[in-house]
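Please consult the sequence and the model shown here alongside the text.

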Amino acid sequence: MRPYENLIVDIPDYPKPGVVFKDVTPALADAQAFSAVVDDLSEHFMGRGVTKVVGAEARGFMVGSAVAYRLGAGFVPARKPGKLPRATISESYDLEYGSDALEVHADAFTPDDVVIVIDDLIATGGTAVAMARLVERSGAKLAGLGFFMELAFLNPRPLLADVTDAEVFSLIRVE
């Protein structure tokens, strides 16, 4: 068993009744576990020529930037609208109760870039779809999507398959 597997804490009825929130922050706070998460995600994508890693605000920044460092790649933050200082491209996505959007700088990717999406968790897939669309709209090659945890019981993979044929990889799958 990897050192991060027992550090995920279930929080019942958060953020609303009936939801069991999977809190990965204890694994990020533990040096050995965090290193293992970064190493395991990085090793999966090693040797694929990754030039950029994109991660969504905010926990995707923590995991994604560390993976980018490990791969010798650049990091591109995908932020909520209005948070980036220069020209951006934006992609909207649906949430359980509404919609949201992510933006990257318009010049964040080039057609020569090989990009992976890294995030702490994939649930319904909306955030990941938005990042995949931003990468592909820019003309860069999306080489894969990697997640610390996948809530497989929410079936995010079919939504991703409608947008990209890039590989989806998760360290932990919750069925």
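Arg-137 forms a salt bridge with Glu-91, with the closest N and O atoms 2.9 Å apart; a salt bridge here is a side-chain nitrogen of Lys or Arg within 4 Å of a carboxyl oxygen of Asp or Glu. This pair links distant parts of the chain, Arg-137 being in helix α4 and Glu-91 in strand β5, 46 residues apart. The model is predicted, so local features need pLDDT of at least 70 and side-chain atom pairs count only at pLDDT 80 or more, whereas totals for chains, interfaces and linings use all residues. Residues are numbered from 1 along each chain as its sequence is written, and side-chain values use heavy atoms, with hydrogens and water left out.

**Salt bridges around Glu-91**

- Glu-91 also meets Arg-133 in a salt bridge, at 3.7 Å from N to O.
- Glu-91 belongs to strand β5 (residues 88-95) and Arg-133 to helix α4 (residues 126-137), so this pair ties together parts that are 42 residues apart in sequence; helices (H or I, at least four residues) and strands (E, at least two) are DSSP runs, numbered from the N terminus.
- Glu-91 is buried, at a relative accessible area of 13%, while Arg-133 is partly exposed at 35%; buried means under 20% relative accessible area, exposed over 50%, and partly exposed in between (1.4 Å probe, protein chains only).

**Other salt bridges**

- A search of the whole structure finds 15 salt bridges.
- One of them pairs the side chains of Lys-22 and Asp-10, at 2.8 Å from N to O.
- Lys-22 lies in strand β2 (residues 20-23) and Asp-10 in strand β1 (residues 9-12), so the pair connects parts 12 residues apart in sequence.
- Lys-22 counts as buried at 18% relative accessibility, whereas Asp-10 counts as partly exposed at 43%.

**Packing of α2 and α3**

- The axes of helix α2 (residues 31-45) and helix α3 (residues 59-71) come within 9 Å and cross at roughly 55°; axes are lines fitted to C-alpha atoms, for helices over the stretch in contact, and angles run from 0 to 180 degrees between N-to-C directions.
- That angle makes α2 oblique to α3; angles under 35 degrees count as roughly parallel, over 145 as roughly antiparallel, 65 to 115 as roughly perpendicular and the rest as oblique.
- In α2, Phe-34, Val-37, Val-38, Asp-39, Leu-41, Ser-42, Glu-43 and Phe-45 meet Met-62, Val-63, Ala-66, Val-67, Arg-70 and Leu-71 in α3, where contact means heavy atoms within 4.5 Å.
- By class, the contact of α2 with α3 has 10 nonpolar, one polar and three charged residues; Ala, Val, Leu, Ile, Met, Phe, Trp, Tyr, Cys and Pro count as nonpolar, Asp, Glu, Lys and Arg as charged, and the others, Gly among them, as polar.

**Loop positions**

- Met-46 is placed in the loop between α2 and β3 (52-56) and counts as partly exposed at 39% relative accessibility.
- Leaving aside neighbours within four places in sequence, Met-46 is in contact with Arg-70 and Leu-71.
- Asp-165 is found in the loop between α5 (156-161) and β9 (167-174), and counts as exposed at 78% relative accessibility.
- Asp-165 and Val-63 are 102 residues apart in sequence and 23 Å apart in space, C-alpha to C-alpha.
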